[in-house]
Amino acid sequence: MAPAEPPCELLDWDTRNFGFQIARVPSGRLDGESAAAVDRFCEERGVRCLYLLADDADAETARVAAEHGFRHVDLRSTIRHRLEAIPAPGPPPGNWRIRAGAEEDLNALGSISARSHRSSRFRFDPAFPPDRVDALYAAWVRRGLEDEAKSLLVVDLDGEPRGYQVLRPLDEDGTGALELLAIDEANRRQGVAIWLLSEALRRMKRAGATSVTTVIGARNVGSARVHQRLGFLTERVDSCYHRWDRRPPR
Ligand SMILES: CC(C)(COP(=O)(O)OP(=O)(O)OC[C@H]1O[C@@H](n2cnc3c(N)ncnc32)[C@H](O)[C@@H]1OP(=O)(O)O)[C@@H](O)C(=O)NCCC(=O)NCCS
């Protein structure tokens with residue numbers, strides 16, 4: 001008989017970033033029995049915050065999560081572009097350029113990222129220290145440059161970085177994925193994001209992608225509209241939950 005899957009998975013990167021033990025429920029499902037196993041795991045391993053990402057249509061998991069102290073913190077839609085027709089909006093007026101990111105961009109991009117991802121589940125949940133949430137997004141952008149499998153597209157105005165899109169490598173089935181996207185506040189609502197995103201789609205198609213997915217949070221209307229304009233369609237909706245152990249650390 002195959003060994004049973006552990007009920008939780010410890011998350012090293014999140015634990016290091018926030019400075020306390022974080023884990024997730026990898027199956028994304030809970031029933032009475034698995035919730036008891038999750039409780040035991042968290043107790044034994046001193047898990048302070050537990051993430052659960054569950055299919056939003058899974059009523060049993062939602063019920064058990066509520067009974068076991070999980071708090072609903074976001075709704076995430078997975079959306080997909082089929083790359084059959086990619087709209088081609090041009091750049092806004094001015095000396096704009098899209099190019100590969102470089103080490104010299106990271107300070108400016110880190111500062112944009114720290115101010116940008118404020119609608120995320122980490123900011124919605126006040127138990128996460130805001131400065132560590134900002135550091136998480138800055139590190140995510142940095143990984144777009146330093147992780148050789150990923151790529152970082154930068155949009156600049158007169159040579160100054162004003163936004164970014166992090167791209168993940170293609171899966172074996174030709175699916176590409178987009179990660180973080182942000183535009184500096186001073187340059188929003190001018191069509192910069194839609195231009196950058198459409199260029200990212202074209203580059204992924206040229207690299208052999210047959211479709212491109214990304215994930216958007218339900219309270220991020222701006223992000224939803226940018227992706228909708230380009231023709232992304234919703235594929236699934238998941239609920240995000242956090243559960244905190246409020247006892248003082250042992
Ligand atoms: C979301 C974001 C990238 C949009 O950038 P932008 O350059 O302002 O977007 P664009 O000017 O290209 O707008 C494209 C479309 O989205 C709409 N839109 C953009 N931001 C919007 C907002 N806050 N509310 C409503 N609609 C918005 C625009 O009006 C336009 O739609 P329209 O054609 O119907 O007018 C930018 O607001 C941002 O960086 N936000 C913080 C980071 C973030 O949320 N990133 C996405 C998740 S990783």
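**Close-up 1. Helix H7 packed against helix H8 in this predicted model.** H7 (residues 192-206) and H8 (residues 221-230) pack at about 50 degrees, with their axes 10 Å apart. Axes are lines fitted to C-alpha atoms over the stretch in contact, and angles run from 0 to 180 degrees between N-to-C directions. Helices are DSSP runs of H or I with at least four residues, numbered from the N terminus. That angle makes H7 oblique to H8 (under 35 degrees is roughly parallel, over 145 roughly antiparallel, 65 to 115 roughly perpendicular, and the rest oblique). On the H7 side, Ala-193, Ile-194, Leu-197 and Ser-198 meet Val-226, His-227, Arg-229 and Leu-230 of H8 (contact means heavy atoms within 4.5 Å). These contact residues split into five nonpolar, two polar and one charged.

Residues are numbered from 1 along each chain as its sequence is written, and side-chain values use heavy atoms, leaving out hydrogens and water. As for confidence, local features need pLDDT of at least 70, side-chain atom pairs count only at pLDDT 80 or more, and totals for chains, interfaces and linings use all residues.

**Close-up 2. Helix H4 crossing helix H6.** Here the axes of H4 (residues 106-116) and H6 (residues 130-146) come within 8 Å and cross at roughly 140 degrees, so this pair is oblique. From H4, Leu-106, Leu-109, Gly-110, Ser-113 and Ala-114 make the contact, and H6 brings Asp-134, Tyr-137, Ala-138, Val-141, Arg-142 and Leu-145. Sorted by type, the contact of H4 with H6 has seven nonpolar, two polar and two charged residues (Ala, Val, Leu, Ile, Met, Phe, Trp, Tyr, Cys and Pro count as nonpolar, Asp, Glu, Lys and Arg as charged, and the others, Gly among them, as polar).

Methods
Helix = DSSP H or I, 4+ residues; strand = E, 2+ residues; numbered from the N terminus.
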